[in-house]
Amino acid sequence: MDRDLVERARDGDQAAFARIADETSTTLFGVARRILRDPGLAEDALQNALVMIWRKLPTLREPERFEAWAFRILVHECYAEAPRARQWAATVRLLPTDRPSDADEIRSIGDRDELDRAFRKLSLDQRAVFVLHHHVGLSLVAVAETLGIPDGTARSRLHYATRALRAAFDAAHATDLVEEGRPA
Amino acid sequence: MTTDRAFELAIRDWLDDGRDTVPRAAIDAVHLAVATTPQERPMPWRRSSLALPGRRAIGAVAAVVALAVLAGIVWRPSPNPIAASPSALPSVMTSGSPAASSGVGPSSPPSTRQSAVPLAPIGYAGNGTIAFSRDDPVLGDTTTWLIDPSGEHEVPLVVRTGWGGATELPGSGCCGLFAPDGRTIAVAYDEVNPSRAPGTLRTTTRVDLEGTWIGWVPEFCGACVSIEGINYVPRAWSPDGHILAVEIWSETDPDRDGIHLAPYGGSTLEGPDWTTQVTGNNRDVPVAFSPDGTELLFVRVDARERRGPLMALTIVTGSTRTISPPGAFTFADGSFGPSASWSADGSKIAFAATDDRGSMDHMRVWVADRDGSNRTALTEPDGFVTSARFSPDGAWIAFDRPGTGGRHDEWIIKADGRAATNLTADFDPGVCCGRWSPDSRALLVAGTNGHDDASDLLIVPIDGSAIRQVTTTPGLYTDFSWGPVSR
């Protein structure tokens, strides 16, 4: 992010902030959608985060750290939005269809379905670390700095998240193999 | 079992689903909201009625210090009549805790995180002072706080400089570390110090329990360029309080990473240099000095990770040796605390480490002789057993391990493997990372019913008496410790 732009927005320039919002919204929305697994909630989290970023910008001491700071605020807005999901979040299941499909495609959809269900069972803390590391591409140290948590905490959250997803993935494939008459 | 590659591809495919377009109306709504929403101008952080503003104040103080030192004057702040009584401080930021009893108004927005349900009764009867770091959930600042074991008098450790403690340093601190006499605490201060070169990051500041500034590490910057871009975080005091071992790393020059020893009065290391670099070109994290002060345990961490082999450094010769088993890792992380410790007589080292493949699901408590020989595992492999700490009297080793439902319990065990005792078997919240009380009668732990971002500090007596809660502001607690002196 352009440092000058951040500094101008920090000084109250709404046009500068509008540019920042336009430039960052896709990335921030992507992170929120993956953490929350719900586009509607992610949209709300994004909007709340952007307004919060605007309000808090004058307290940002290091403009060059804007991106990490924005991620942190977004993640906290995700935490705030998440409880709303519990009341109506649907469980999506893969249903058989009549149309002819490529077996790999079906398996890919099945994998996504299993990963999605396993991911929803993770805590928000674990989801946030996983998304920032695997989707945004931050190192674990950067994830820890972004979220304001010790490196070891980030590591343990990623460890447990990955383990849970791997277990779900393995279980789905074991089922596939059994159904195909091969040893699991 | 699927392959790692297949799993990796599935994760990538699942994450990259290409549906990240934000509806334009959503962004337009933000622009509308921004047009009518005022920005929050920063409140004076730890304001003092006598304070000069921010960095200019530090610069002014530093300039005076520099001139004094250049002139050969041994400068120390005069006793601070304002800071002598915590209840008289005009600007102390109280927590939302009902136990915070200073009765003065906050100078910063109060925390929005309050304990909904106490984990345990408050009111431990014991001496000393507890230091801890707690994060700010939004801004990410970490502040060092002090609190009594009884849960009273919770105050941020505001660093005061200048004559009479007139100026409060802005910024935030972490990693508070009591000197052995309990009257001095070293903190890493996360603020650029203008008396030093641009790019100097965390400095180590020594203060008394009222926050009155005693000194920096390095003590004086005569050639500031030499410490440009360097971070200083205090990690271990020598038993006589004369040497502070500091973890140092450079943002640009790995040769400068390593352990530095900062001498204070009476040390044979005291000399013209402010610190002595004793390891280099490695991210080494000091853990603990031996009781005779001749050796220092440290963890040689990967630059991107906070774990690595446990090693011992002989101070005089600079030689090092590995204590943990080959291939095993120990942690060097503020939330878990020091992973290793010395027995009271210095003959044994206790530590927690992974198996030889570095698996965090297979961690054990180990005891070894001082030279690393006779390594004995005291526990079976468990997930995230991250510390093993001898009590100050040497009678017990404390550690935590997963219990029912994956929540951790605090345990004690004798160095020969006898008398393993779960101190929190009947306590529902998960606890971890126990630090001993100075009298070896209790452990200070972080406990939570939820995730570790919503923990509080608790005291677990080892005689089985009631667990007591200390703090009442849920947060991420790191670098907590229990000093011997009451305020």
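Six bridges join strand β25 (residues 397–402) of chain B to strand β26 (residues 408–413) of chain B, and the two strands run antiparallel. This is a predicted model. Within this pairing, B:Phe399 stands opposite B:Trp411 in β26(B).

The two strands belong to an open sheet of four. Its order is β24-β25-β26-β27 (chain B), and the pairing is antiparallel. The edges are held by β24 (389–390) and β27 (421–422) of chain B. Each has a single partner strand, so one side of each is left without a neighbour in the sheet. In general, strands of a sheet pair through backbone hydrogen bonds, either parallel or antiparallel.

Now turn to another sheet in chain B. Strand β17 (residues 310–314) of chain B pairs with β18(B) over three bridges, in the antiparallel sense. B:Leu313 has B:Thr320 in β18(B) as its bridge partner.

Next comes a helix in chain A. Helix α2 of chain A covers residues 14–36, which makes 23 residues. Its end C-alpha atoms are only 29 Å apart. A straight helix would reach 33 Å at 1.5 Å a residue, and α2 falls short of that. The helix also has a kink of about 50 degrees, centred on A:Thr24.

Both ends of α2(A) deserve a look. Just after the helix, A:Arg37 takes a positive phi of about 60 degrees.

Finally, consider how the chains meet. In chain B, 61 residues are in contact with 62 residues of chain A. The area buried between chain B and chain A is about 5300 Å². Carbon and sulfur atoms give 57% of this area.

Note on methods: Residues numbered from 1 in each chain as written. Chains lettered and ligands numbered in written order. Predicted model: local features only at pLDDT ≥ 70, side-chain atom pairs only at ≥ 80, totals over all residues. Heavy atoms only, no water. Expected span 1.5 Å × (residues − 1). Bend = angle between axes of the 7 residues up to and from the residue. Pairing = 2+ DSSP bridges. Contact = heavy atoms within 4.5 Å. Buried area = accessible area lost by both parts, 1.4 Å probe.
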